[in-house]
Amino acid sequence: MKKKLLAGALATAMALGMSFGVGATDDGSTQGTNTFVDGGTELSFWTFQELHVGFWTSMADVWNEQNPDRPINLTVTTGESHSTHSKLLIACQSGEGAPDMADIEIGYYGSFLKDGYLLPINDAVEPYKDDVVMSRVSMYGDNEGNYYGVDFHLGATVAYYNMDIMNEAGVDPADIVTWDDYVEAGKTVLEKTGKPMCAVETSDLFFPQCMMLEKNAQYVDDEGNPNLVTEEHAEVIDYIREMINLGVCEIAPGGGFHTEEWYGHLNDGGVASVIMPLWYMGRFTDYCADLNGKMAIYPIPVWNEGDVREVLQGGTGTSVIKGTENEQLAKDFLAFAKLSKEGCTYEWNELGFDPIRTELWDDPEITDNKDNKFLAYFTTNPFDVLKANGTDITAPNISGAYSATYSTLVSTTYSNAFEISVDQDAMELLQGEQDSIIY
Amino acid sequence: MKKQSVVKKFLYSQKVAPYVFVMPFILTFAIFFAYSIVSMILMSFQKVAGANTTFIGLENYKILTNAVFLKSLKNSVFYTIVTCIMMIPIPMILAAMLNSKHMRAKGTFRSILFIPALTSVVVAGVVFRLMFGELEGSFMNQVMNLFGVEPIIWLRKPVTVWITLFFLCLWRWTGVNMMYYLSGLQQIPADLYESASIDGATGMQQLRYITIPLLKPTTIYVLTISIFGGMAMFSESYMLFNGNKSPNNVATTLVGMLYRMGFEQNQLGIASAIGVIFLLIVLAVNMIQLRINGTIGSKKGE
Amino acid sequence: MSMTKKSRIFTICLFIFFILIAAITLLPLALLAVSSLRPGSDLMRYGLNFSIDWANANLNEYKMLFSGQNAYFTWYKNSLIITVVQVGLALFLSACVGYGFAMYDFKGKNILFLCVLLVMMVPTEVILLPLYRLIVKMKLINNMWGIILPYLVVPMLVFFFRQYLSGIPKDFLDAARVDGCTEYGIFFKIMIPLMKPSFAAMGIYQGMQSWNNFLWPMVVTNSIDKITLPVGLQSLLSPYGNNYDILIAGSCFAIIPILILFICFQRYFIEGMTAGGVKG
């Protein structure tokens, strides 16, 4: 009797779940494939971001059109973002169950690089070499000049200004050249509007990393060892601390630029500007509907007038995993998808990613496309910034112990530096942080 | 019955039957548990990089001197101690009150208090994460506002992070522990109380001299599960901070550290060493428990 | 006279106290339920609270949940299947093992039971990593059986069933044997019916565990069509934007099956608890 009841209750619940579930399994958003062709080589692909599925399957279709002699049947599996990398790492390590290719986020990339789980793709990239910003490709590489991955975007860092606030304060972002100018402007903004000029994250590293890269300083040294205790790093920390003391800079609500508290704050016009890479445009269009037509994109400030005004940040490198049975095909497909005109155009149009391929920066069909939701959202054209800065761009060094270092930076270092131990000497603090890194 | 095959006869004999019954345990124990423990101990002495493993002696155990590891150990112990202190008296008193003959609608309250335990740690974590959000309109900040307190950034300051974690624990587990105590209470003969009240004992005295001593076996059980639950805490912190990344490792626990090393940074050797240390701690706590309270296994004899 | 009056006041105070406790207990879930009636973007801007504009409250979140535009019900289905299979197998196998320990004397019994206690004492989190690597080697990653197999025999249940059955005199078995019952016949025909109440209690216990289990399924499953409900809900909180619309409504909906189970069987739950392992 009781068991029957139990069985009955569960069966009802199950039937309920099943009947609703039918639609979900077939819609293709969870696991994607391209249009399979007869005799196509099967490739498996792992990503952690659902938006990437459409990109990969579309690119596989384009590839099959252009290379009828080497067709691909691609299956893209989306994982849960936090643990996909962990699982991929263990799959590589144990030699069981790894896919042919995978998207690897920049923070984790070092772990894969360090233990040699990826295949060099130099030969596949060769044909595209002169058309793309190579520092974006070679950063996913080692000291011997091999590179292993290609990003979805250039990841050029820019300054996003809320023009409502800037106008109210009477500051023209175009006049801001150096960080000192930026701070001065910030004081005016604070005085006139009561709002902070910018925010810094305690659970991520974009703002300090941008300033570090402008000083040509890295978090790991040439051998790949953690290198947090540098003059430059201490200077950056002290500079940001000073901005916080002045009230020009705030701790980002929620602790990071990808939290709901922050999006709400940003959308409500709580802060005058954000320093983030261009791929962050998508967050504006998705989460800050109220700022439509109010945001302008300008180059980031620099330390000294005349400095190179561009750095690359964030990103996801796609790589071919060692042990695949179709090395050459996977490599060629990867380079094609990420570096061809077709691929970069898709990335810009659909995902709002700044193209790694420079010819697109001058292509009026791209840069003046009135229907593009990203171009329509912002009052200035991001391509103007890209063109002005050229291709001599500083990329972060993500080799060696970068992953372990990154994990420490985003969990403790900046939280300590800006929120918890604000009075501790920067060098001393960094030494303590460096000592705690396990690599 | 007459023409049983030898095999069948063997399997059906009274000598062999018990082994058939416990076979599922022997198999899962050997395959999953024993194998895992042994491979973990072996791995803790190795460096595992790519396909290569090299024996490196006690190198991995150097983690014992790492500041972050020590912090995670401290966090786990702190959490365990505080939850044990909270999760025994509160449910016990609630159970005693609920069991009182003056109480009405016992079943309803019992069920309501148990409901949080039915929610997944994911759901609970999401709700608490939002309730303790730093926005002015987050529920807890609204409550604080009633007392004239400025909005608090709950999840980024050590003290408030711990308060949130303890609230979460209290919310989810009070009902469960109360259930254990209720079942313990039902075994205390009612005439004990009757004779006590005839002797003029007050409610307080009854609680002190009858209820608490007679609930000792239940308390031991609750204490045991609270200790292991506390030491193994990870998912709560994972949900509250949307990943294994509490600010400044305020709420990074031993398991969090193990997860970070083993799954996030591919330091299998170090992760195994943490596992071994963890195992040793658990066994040590057990030994102490056994010494003080006698085995759980012999509880039925009490 | 004054005695009854005093006790009546006491009753009322007690009652009010428990109403308060119950209100606090239900508060987080009430917040969740109320919030499921407003758009997810509200949560981002205003936080989780009761100040809701009832005029604009709607069921859009639930419509979205049921629209089939997301994998929610795939996760739901996975969780249901895993829960049913795991509860069924774990109850049966653990009952077998518990019966073996309770009713027989055999060589190595004490050592084996010590092993049961050992597994009970060691949190599974400790062996997370080696266990995961084993499952990888067995090629059960991203597979329902990878989640279920390591927990086929649940020590807690074994312990409970052993306690439960130890109250039954062994002469009972001998009598059955004299009647011509085989060893297994005794178990299936006599013991299992006797154990029904404990099955209900442990069914709830194991149902809760399986339905809500998070860490192990998260570790074992990879692809979004194989994950369970808690893992799926967690995945909605991604660094690429949290999908609160589905998360909140989905969280509400996730409690339902286990709540039904509990409401149907809670009577047996407490009875079983009393009769079984946690007694003094």
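These legends go with a few close-up views of a predicted model.

**View 1. Chain A as a whole.** Here's chain A, built from 19 helices and 11 strands. Its C-alpha trace spans about 70 × 65 × 50 Å along the principal axes. A compact globule of 439 residues would have a radius of gyration near 22 Å, and chain A comes in at 23 Å, so the two agree. Take the contacts in chain A between residues at least 6 apart in sequence, and 78% of them join residues at least 24 apart.

**View 2. Where the two domains of chain A meet.** Each domain of chain A is listed as two stretches of sequence: 31–154 + 314–377 for domain 1, and 157–309 + 401–435 for domain 2. Their C-alpha centres sit 29 Å apart. Across the boundary, 13 residues of domain 1 of chain A are in contact with 14 residues of domain 2 of chain A. Which helices each supply at least two residues on the domain 1 side? Look for α4 (106–114) and α16 (373–377) of chain A. The top contributor there is α4(A), with 4 residues. Sorted by class, the domain 1 side of this boundary has 5 nonpolar, 6 polar and 2 charged residues.

**View 3. The two domains of chain B.** Chain B is assigned a domain 1 covering 6–43 and a domain 2 covering 62–301.

**View 4. Chain C against chain B.** At this interface, 73 residues of chain C are in contact with 80 residues of chain B. On the chain C side, helix α1 (residues 2–35) brings the largest share, 13 residues. What's the make-up of the chain C side by class? The residues there split into 55 nonpolar, 15 polar and 3 charged.

**View 5. Zooming in on Leu130(B).** Leu130(B) belongs to helix α6 of chain B, which runs over residues 121–131. Is this residue buried or exposed? Leu130(B) has 25 other C-beta atoms within 10 Å, and the cut-off for buried is 20 or more, so Leu130(B) is buried. Leaving aside residues up to four places away in sequence, Leu130(B) touches Ser138(B) in its own chain, plus Leu43(C), Gly47(C) and Leu48(C) from chain C. Met144(B) is 14 residues from Leu130(B) along the chain, and 15 Å separate their C-alpha atoms.

Terms used:
Residues are numbered from 1 along each chain as its sequence is written. Chains are lettered from A and ligands numbered from 1 in the order in which they are written. This is a predicted model: local features need pLDDT of at least 70, side-chain atom pairs count only at pLDDT 80 or more; totals for chains, interfaces and linings use all residues. A residue is buried if 20 or more other C-beta atoms lie within 10 Å of its own, exposed if 12 or fewer, and partly exposed in between; C-beta atoms are placed from the backbone. Two residues are in contact if their C-beta atoms, placed from the backbone, lie within 7 Å. Domain bounds come from an automatic or database domain assignment. Ala, Val, Leu, Ile, Met, Phe, Trp, Tyr, Cys and Pro count as nonpolar, Asp, Glu, Lys and Arg as charged, and the others, Gly among them, as polar. The radius of gyration is taken over C-alpha atoms; the globule rule is 2.2 Å times the number of residues to the power 0.38.
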